[in-house]
Amino acid sequence: MLNIEISSSLLFCLLPLFLLFLISFIFTFRSSKESSSEQLPRSYPVIGSYLSVLANKDRLIQWTSDIVRSSPNLTFTLRRPLGYCQVYTANPATVQHILKSHFSVYEKGDIFRATLSDFLGDGIFNADGDKWKFQRQMSSHEFNTKSLRKYVETVVDTELSQRLIPILAAAAADKTVLDFQDILQRFAFDNICKIAFGYDPQYLLPSLPVAEFAVAFENATRISSDRFSSPFPLIWKIKRALNIGAEKKLSSAVRHVREFAQEIVKEKKQELKDNSELESGDLLSRFLSSGHSDETFVTDIVISFILAGRDTTSAALTWFFWLVYSHPEVEKGILREIREKSESPVYDEVKDMTYTHASLCETMRLYPPVPSDTKEASKDDVLPDGTVVRKGTRVTYHPFAMGRVEAEWGSDWESFRPERWLERDAQSPGKWKFVAKDSYHYPVFQAGPRICLGKEFAFLQMQRVVAGVLRQFRVVPATQEGGAEPVFISYLTTKMKGGFPVRILERVIN
């Protein structure tokens, strides 16, 4: 009898969803005619603009970017099913409004936290209020220490010289094709695990092994991200309750990640207990040594840092190497700068690689690692352009679109031109001087109180990789013969669809 009641309730819950997808099927062809339009998508009763969203599900970032850039004040409201609304903006004044001046109003919100809570728990990137403030203060203290900076330098240089460079040298000698996106992700994963946990997953080895922790983390990230694409949270919640489909895979991946992480936490606690004089540079040891012994709390925050450092730098570097190959004049400028430095440049030298720094910023203007980010209004508000925001409305700022606004970047915004970040240094003729952009016009590293703590370390890692790789090798896209531009896709971070196959060539010194 109980089974019959459960089945009846389930059918009752699923019936509206079935009707929604039936309507979607009927109107998909009609909505596809709208998909290329930059005008506001048509909205229908009950389902809102879901049909247009469905028609553009494989290019949501590009689609919403086209609409927001053609909208008055660079802001538009997307009608979601059941009367929900989502505001998209590329307006710097609005970005400053939600990320700084009205920071307390715009939180991660219930939808975001619920969607990622299985994976991230109450970690810093999934927390609001006092939980976030406490973790931010604690993390900020550690990120500002010289000892952590030195530890990060050592980790990056070791991974670069002992793993990445030998793998590229072998590929050049054997004339093999590498998926450079995969290589850079492995490099970044090893780095961030060492920095966050003091644990080496050995993901970047010549055999390119299948590391269970890395695979589980990738699956947890991808499937958690896919939850945001569901028209109703009820859909993935039902699947989770029934432990079926993607939610079954997510449950398994999250369990593996968290059990593995908690085991490392326990081992680290015991290690520090047995030897109180032990000096470990990783974040986990620092948190535990400062008295934060709650295993769940520490696990949550460290998993958040792995997520932040795992794909962001590798995504930026993947697009960077493709753009640099496509623009030989930029590559020449970077090489000139690299050759002015020592064979293994120390941090202060890498930090002064102005043209390389500008090239990385220009890459992230066109292909930001996190192409959009969403907040939720905790109370009614009005945006600077007059848009009314009701409590519970989600407001998305759009770095991908912001990097393509002609009024901000000029008529040549489509061009990859690092010089837009530079001016000639009057005190040093022939030298460049970097000109930073306001973080609310270029929120690639967020802005306001939540601005990225690891920004400096991210640039350190990326510039060390660029110097180490381009000094010795040319990275040549294996598909260049066909002239195909990589396909931009996005989960929580951006990727190239199908990877980035390249040939590695030993550089000939002229």
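Five strands form an open sheet in the order β1-β2-β8-β5-β3, with mixed pairing, where two strands count as paired if DSSP finds at least two bridges between them, and where helices (H or I, at least four residues) and strands (E, at least two) are DSSP runs numbered from the N terminus. At the edges stand β1 (75-79) and β3 (106-107), each with a single partner strand, so one side of each has no neighbour in the sheet. The model is a predicted one, in which local features need pLDDT of at least 70 and side-chain atom pairs count only at pLDDT 80 or more, while totals for chains, interfaces and linings use all residues. Residues are numbered from 1 along each chain as its sequence is written, and side-chain values use heavy atoms, with hydrogens and water left out.

Within the sheet, strand β2 (residues 85-89) pairs with strand β8 (residues 394-397) in the parallel sense over 4 bridges, and Thr89 stands opposite Tyr397 in β8. Helix α3 (residues 60-69) lies across β1 and β2 and runs at about 130 degrees to β1, whereas helix α4 (residues 92-101) lies across β1, β2, β3, β5 (373-377) and β8, at about 125 degrees to β8. These angles run from 0 to 180 degrees between the N-to-C directions of axes, which are lines fitted to C-alpha atoms, for helices over the stretch in contact, contact meaning heavy atoms within 4.5 Å.

Turning to the charged side chains, the structure holds 32 salt bridges, each defined as a side-chain nitrogen of Lys or Arg within 4 Å of a carboxyl oxygen of Asp or Glu. One of them joins Asp128 and Arg450 at 3.2 Å, N to O; because Asp128 lies in the loop between α5 (109-120) and α6 (129-143) and Arg450 in the loop between β10 (432-434) and α19 (455-472), the pair ties together parts that are 322 residues apart in sequence. Both Asp128 and Arg450 are buried, a term that means under 20% relative accessible area, with exposed over 50% and partly exposed in between (1.4 Å probe, protein chains only).

Another salt bridge links Glu159 with Lys194, the closest N and O atoms being 2.9 Å apart, and this pair connects helix α7 (residues 146-174), which holds Glu159, to helix α8 (residues 180-197), which holds Lys194, across 35 residues. Glu159 is buried at a relative accessible area of 1%, and Lys194 is buried at 13%.

Arg420 and Glu362 likewise form a salt bridge, with the closest N and O atoms 2.8 Å apart. Arg420 sits in the loop between α18 (406-409) and β9 (422-424) and Glu362 in helix α16 (residues 354-366), 58 residues apart. Arg420 counts as buried at 10% relative accessibility, and Glu362 counts as buried at 0%.
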